[in-house]
Amino acid sequence: MSGPFVLRRSAGLKIVLCFSAALLASCQTVHPIWPAAPPRAAVDVALEARVRSIVSSMTLEQKVGQMTQPNIHSVTPDDIRRYYIGSVLNGGGAWPGEKMQAGVEDWLKLSDAFYSASMSTDMKVKVPVIWGTDAVHGHNNVYGATLFPHNIGLGAANDPELIERIGRATAAQVRSTGITWTFAPTLAVVQNPRWGRTYESYSSDPTLVRTYGEAMVRGLQGQLGTPASALATAKHWLGDGGTLHGKDQGETRTTEADLARRHGAGYYGALRADVQTVMVSYSSFTDTATGKRWGKMHGNQHLIDGVLKRRLGFNGIVVSDWNGIEQVPGCTKWRCPQAINAGIDLVMVPDDWKQFIQSTVDDVRAGRIPMSRIDDAVSRIIRVKLRSGLFDSSPATGPRPGPESLNSPQVRLLAREAVRKSLVLLKNDGGVLPLRRDGKILVVGKGADSLPMQAGGWSLTWQGDNTKTSDYPNADTVLAAMRKALGKHSVDYSADGAGVNIGRYSAIVLVAAEKPYAEGAGDIGFPAPLRHSVRYPEDLAALNRVSGKGVPVVTILFSGRPLSANDLINRSDAFVAGWLPGTEGLGIADLLIADANGRAAFDFTGRLPFDWPAGDCLPQQGGIQFPRGYGLSLAGTRNLGRLPEPVPAVACPPESR
């Protein structure tokens, strides 16, 4: 025989036998450590026939156009029409007209312009363009949108039902702006908090990530094809949370069995919920059991085509990450036959999309990419577009949720609930919390009056920087929330605690905070210590000015990861891991302040989703101060006592992951 022979089909699983050495590269043997494909609904015969009919009517140039995804800053509606572009995205900090304050109507206008252009081509069957966005904690690129806590805080909540509700609310936000696809959820099972994307991980517990992956996909996608449904993306396939030293886009050194058991867990949940798209990781994989260096995931045919598509039965779209193909050896930003042959269907080429189209067409004609691979990729793209209802009407002019979805009282209450459930109480010596409503409170710390610090990365801009608190008009900082809860005249503020008469106050609330960051810039490079005060000594200095003076101090730490903070904890009567809670600071005030009767209005229910380090290095090196699952309630707490403070901070020893 001259080709692969299909031995059996079952539940979307295709077992292939290869009869020639030439086919071995495309017919990878899948190790039995990977689970079988989840149960799937019966094949929609009519839909599949329509997919085949559309694909068969297309030219090669039209097919490659469908596989191309530029950034909205680099493509016009006329380009969509001329080059048959199948998808666009708005990267972090890309807005209609390059205006951060673009309103809903601006987003809808651009969405409809792209859609109308895609339906005005000379294709025999017009194929609508699909728009993707990084709505990773609410519709976070859009001015005025309510932002939920980042994933690490949601992991602390340990509430899958809450996650599904957040998914539904986020889908409504996205659809209200004429967009139908979000690049979420991130399903990394992070092993090293040095990684700047740690806050995008729900937990180091694969079981929780699996449960949350299923819940979030169900919430986002709902009933596919309805006006409140948004396509979800499980990302980043595979092992992105396991890189050595937590280095962004680095090397994951582990066994394939560990990839399947630990790092694959979230995808099993997402696939069970019928996720329609999967994004590939920038990371590399080296199998420590065999010593084989598989290289960059964007070129890994075994794990993309062999495992994800064949073994796990995924029949949706595999999309690359931003310029991810260029990291495959021998590739550039605009040309990578290896990545397409590995199983990537839709290629994110933000700026160099014209070169990508031409070079890919050339590669097909030269035989470097089989036409069968192109047809498979385009079939998957058309299939998902049909399932999502994109062929029915423009997302901008057809039925959709209204603009109130972005910041309605209901969505703000949901985010406020999520904040309450995400906070973890690590210390409450003397039962300091909740704070009485009488007396006067001093709020201290730059983070207390900073929405950028409170929201973190992926908030209006990619890194969450170059913004200010006034850029979040429908939001409350901790300071604003405390003043709303107690009255403006009952709460004073000092950014650094200097020159303040502490004796005038009944309590002090100090907010320590990391500056906002996202991938790359947010890494804590090895061997630097993980102690918060090493990188932000101003927070420790402010705390030293106000603590130990007979007035109880409550410290909240805004961070995208667990950090060594024993020096801060020792100087605080109560200490709260606040993570990156988003726009709803009132959820924090709900937990800090007693009700009118002096009792707790709400209790702390959040529990640590990661081990909390005792020393300056990873918990497995310097010890675990608080284990994953730890968290206090207000009732029955005992004094923590003094924790060890290693002085001075030292470089960390070599790490195994």
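Contact, as the term is used in this report, means heavy atoms within 4.5 Å.

## Basis of the description

The model is predicted: local features need pLDDT of at least 70, side-chain atom pairs count only at pLDDT 80 or more, and totals for chains, interfaces and linings use all residues. Residues are numbered from 1 along each chain as its sequence is written, and side-chain values use heavy atoms, with hydrogens and water left out.

## Overall form

The protein contains 21 helices and 21 strands; these are DSSP runs numbered from the N terminus, helices being H or I of at least four residues and strands E of at least two. The C-alpha atoms occupy a box of roughly 85 × 55 × 40 Å along the principal axes.

Of the 657 residues, 61% count as buried. Buried means under 20% relative accessible area, exposed over 50%, and partly exposed in between, with a 1.4 Å probe and protein chains only. Among contacts between residues at least 6 apart in sequence, 76% join residues at least 24 apart.

## Parallel pairs with covered strands

Strand 4 (residues 87-90) is covered on both faces: Ser87 and Leu89 on one side, and Val88 and Asn90 on the other, are all buried. Four bridges join strand 4 to strand 5 (residues 130-133), and the two run parallel; strands are said to pair if DSSP finds at least two bridges between them. Within this pair, Asn90 stands opposite Thr133.

Strand 9 (residues 277-280) also has both faces covered, with Thr277 and Met279 buried on one side and Val278 and Val280 buried on the other. Strand 9 pairs in the parallel sense with strand 7 (residues 233-237) over four bridges, Val278 being the bridge partner of Ala234. Strand 9 also pairs with strand 12 (residues 317-319), again in the parallel sense, over three bridges; here Thr277 has Ile317 as its bridge partner.

Phe183 lies in the loop between strand 6 (181-182) and helix 7 (206-221) and is buried at 1% relative accessibility. Neighbours within four places in sequence aside, its contacts include Leu89, Thr133, Thr233 and Met279.

Arg373 belongs to helix 13 (residues 371-387) and is buried, with a relative accessible area of 10%. Leaving aside neighbours within four places in sequence, Arg373 is in contact with Lys309, Ile340, Asn341, Gly343, Ile344 and Asp345.

An open sheet of six strands has the order 14-19-18-17-15-16, with mixed pairing. Strand 14 (424-428) and strand 16 (491-494) are at the edges, each with a single partner strand, so one side of each is left without a neighbour in the sheet. Neighbouring strands of this sheet are turned by 20° against each other on average, direction ignored. Strand 18 (residues 553-558) and strand 19 (residues 574-577) pair in the parallel sense over four bridges, and Phe575 in strand 19 is the bridge partner of Thr555.

## Helix 16 against the sheet

Helix 16 (residues 478-486) lies across strand 15 (441-444), strand 16, strand 17 (507-513) and strand 18, running at about 165° to strand 16. Axes are lines fitted to C-alpha atoms, for helices over the stretch in contact, and angles run from 0 to 180 degrees between N-to-C directions.

The buried residues of helix 16 are Val478, Leu479, Ala481, Met482 and Leu486. Seen down the helix axis, these buried residues fall within an arc of 165°, so they line one face of the helix; the arc is that of the directions from the helix axis to the C-beta atoms. Their cover includes helix 15 (451-455) and helix 20 (586-592). Just after helix 16, Gly487 takes a positive phi of about 100°.

## Backbone exceptions

The peptide bond from Trp237 to Leu238 is cis, with omega near 5°, and Leu238 is placed in the loop between strand 7 and strand 8 (251-254). Another cis peptide bond joins Phe526 and Pro527, with omega about 10°.

Gln249, although not a glycine, has a positive phi of about 65°, and this residue is partly exposed at 28% relative accessibility. Trp579, also a residue other than glycine, has a positive phi near 55° and is buried, with a relative accessible area of 1%.
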